[in-house]
Amino acid sequence: MMSGGNYTTIDSQKVSGSVPSVPDPGHTTVKFAESNLQTFPPSATQGKISGGSNPPRDADDTFSGHGNGSSDEPQSGGWLHKFTVGAYKPFFDVDTSDVVERLKESLFPFRGTFTEKTADKPDLYGPFWICTTLIFVAASIGTFVTYIAHKWKKQEWNYDINLVTWSAGVFYGYVTIIPLALYVVLKYFSAPSGLVQLFCLYGYSLFIFIPALCLSVVPVEIFRWVIAGVAGFMSATFVALNLKAHINSAGERSILIIASIFLLQLGLAVVLKLYLFTVTV
C-alpha cells in the first residue's frame, strides 16, 4: 500500500510539473516588433477624419503657391522680369467701370485731367481694346461703304484684304512708336514721364475715331472731312492738354514739344481721312 502510495505521489509530482521541461531544439522563438497597426487610428495618419489626425492636404496646394512657398508669379528679378507675363499683369487689372470712365474722359478733351486720374493706375487693356476695335471697324465699314458705292454704280467689286493689314499697322504702330519717341524726348529734356502712362494716354486718345469711322458711311465728302477734322482736333487737344502741365518743366522747348504732339495727332486724322474716310469707285 505504501509503495502504491509513493508511486501515486511521484506520479502526481510529474503531472504537476515539478520536473523542469526541456526545450525542444527544433523550435525557434519568434518575436514580433510592435506595429502601428496595434493602435487605431494611427497617430501619423493624414487625410483621415479623426480627432488626433491632421486635416487632409489639398491637392491644389502645389499650384496655389502657399504650401511649398512656390507661387505662380515669376520669381526672376532685374531686367529679366520685363520679359515675363507677370510684369504686365497689373496693367491689365482694371474693371469695366474704370475703362468706361476713362473712355468718357477722352470725349471731353478740354478738361486735361486724364493723366491725373490715371497716374496711380495706368492700364494697357483700354488701349489694346481700342486699337483692336478700330481695326475691325475700319475694315468692316470701309468694305461696306466701297461695296455699296460699287453696287450703286453697277460696277464689279472686289474685297481688299490689305485694308485689315494696313489698319493694324497704322493703329498698333502709332500707339506704340509715338509714345516711345516721346518718352525718349521727354527724358532728354529732363521731363521724364512714365512709358506705360504715355501708352495709356495715346491709346485712349484714339477712341474718338471709332464713332468717326461709323459716321463715315454717309456718302458726302464734305461731311467726311468735317468728321475727320473734328475727331482729329479732339484727339490732338486731349493729348496736348494732358501733357502740357508735365512738359512745362522742360523750359523753353515745352511749347515746341506740345505743338509737335498736337500736329502729329492731326496728321494721323488726315491719314485716316485719305485712306479710310475716302471712297473711290
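Helices here are DSSP runs of H or I with at least four residues, numbered from the N terminus. By that rule, threonine 115 sits in helix α4 (residues 114-117). Keep in mind that this is a predicted model, where local features need pLDDT of at least 70, side-chain atom pairs count only at pLDDT 80 or more, and totals for chains, interfaces and linings use all residues. Numbering starts from 1 along each chain as its sequence is written, and side-chain values use heavy atoms, with hydrogens and water left out.

**Threonine 115**
- Threonine 115 has a relative accessible area of 15%, so it's buried (under 20%; exposed is over 50%, partly exposed in between, with a 1.4 Å probe and protein chains only).
- Skip the neighbours within four places in sequence, and threonine 115 is in contact (heavy atoms within 4.5 Å) with Gln197, Leu201 and Asn242.

**The α5/α6 pair**
- The axes of α5 (residues 125-152) and α6 (residues 162-188) come within 9 Å and cross at roughly 150°; axes are lines fitted to C-alpha atoms over the stretch in contact, with angles from 0 to 180 degrees between N-to-C directions.
- That makes α5 and α6 roughly antiparallel, a label for angles over 145 degrees.
- On the α5 side, the residues that meet α6 include Phe128, Cys131 and Leu134, and their α6 counterparts include Leu163, Phe171 and Tyr172.

**Cysteines**
- Cysteine 131 is buried at 1% relative accessible area, while cysteine 214 is partly exposed at 36%.
- Searching the whole structure turns up zero disulfides, meaning pairs of cysteine sulfur atoms within 2.5 Å.

Methods. Helix = DSSP H or I, 4+ residues; strand = E, 2+ residues; numbered from the N terminus. Parallel < 35°, antiparallel > 145°, perpendicular 65-115°, else oblique.
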